[in-house]
Amino acid sequence: MASSKSRTGEISRKTNETTISVKVNIDGEGRFEMATGVGFFDHMLEQLSRHSLIDMTVKADGDLHIDDHHTVEDCGIALGKAISDALGERRGINRYASLDLAMDECLTRAAIDVSGRPFLVWDVAFPTQKIGTFDTELVREFFQALAQNAGITLHVTNLYGANSHHIAETCFKAVARVLRTACETDPRQGNAVPSTKGSLKG
């Protein structure tokens with residue numbers, strides 16, 4: 001669990017479909033070690049770590065002989081739980097953030113509330129069903145699992161774009177940047193929970 005000195009989380013999760021281990025450090029430098037067996041997904045997770053400045057280690061052994069679905073979704077579950085544990089009571093955080101992120105022809109908007117109330121609004125359409133061998137529908141599945149288990153309200157909208165790789169990458173980068181801002185400490189908050197309820201644990 002998180003403490004006043006260290007906002008870190010570690011999750012191990014094993015099912016009949018996947019074995020996942022995740023470590024995060026909210027106050028990191030964007031260092032990453034990804035080994036999920038899904039090359040494009042590893043690339044996206046690297047973007048999430050690098051641009052959020054959250055150190056992340058994600059290792060997965062999944063039933064890739066079936067498809068990538070269980071591995072991607074279960075990594076989202078484990079990563080979300082690790083982030084939630086690292087944030088603890090969410091004292092002193094900014095809580096909210098929003099951003100428009102551009103990449104070549106593509107523009108994607110992300111907005112976040114680290115609220116303790118999980119919800120995903122997903123307004124993203126891909127022009128292709130695949131990026132290489134990766135199913136584009138799994139991008140949403142990952143963020144649904146992440147939001148649900150991190151206890152965050154997350155809105156992601158692709159405003160325009162023509163290339164599926166660019167659209168996916170802007171989603172991960174935009175979420176990374178709002179996650180970074182929302183989880184950073186606000187010096188004016190002190191140790192207070194930024195809610196009139198006094199709790200951001202749902």
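Helix 3 (residues 137-150) and helix 4 (residues 164-183) of this predicted model pack at an angle of about 15°, their axes sitting 10 Å apart. Here axes are lines fitted to C-alpha atoms, for helices over the stretch in contact, and angles run from 0 to 180 degrees between N-to-C directions; helices (H or I, at least four residues) and strands (E, at least two) are DSSP runs, numbered from the N terminus. Helix 3 and helix 4 are therefore roughly parallel to each other (angles under 35 degrees). On the helix 3 side, the contact (heavy atoms within 4.5 Å) comes from Val 139, Phe 142 and Phe 143, and helix 4 brings in Ala 168, Cys 171, Phe 172 and Val 175.

Then there's the sheet: an open one of 4 strands, in the order 1-2-4-3, with mixed pairing. Two strands pair if DSSP finds at least two bridges between them. Strand 1 (8-14) and strand 3 (32-35) are the edges, each pairing on one side only. From one strand to the next, the twist averages 5°. Strand 2 (residues 18-25) and strand 4 (residues 55-62) run antiparallel over 8 bridges, with Asp 55 of strand 4 as the bridge partner of Asn 25. Two helices pack on this sheet. Helix 1 (residues 39-52) touches strand 3 and strand 4, and its direction makes about 165° with that of strand 3. Helix 2 (residues 69-87) touches strand 1, strand 2 and strand 4, at about 35° to the direction of strand 2.

Residues are numbered from 1 along each chain as its sequence is written, and side-chain values use heavy atoms, with hydrogens and water left out. As the model is predicted, local features need pLDDT of at least 70 and side-chain atom pairs count only at pLDDT 80 or more, while totals for chains, interfaces and linings use all residues.

Definitions and conventions. Angles under 35 degrees count as roughly parallel, over 145 as roughly antiparallel, 65 to 115 as roughly perpendicular and the rest as oblique.
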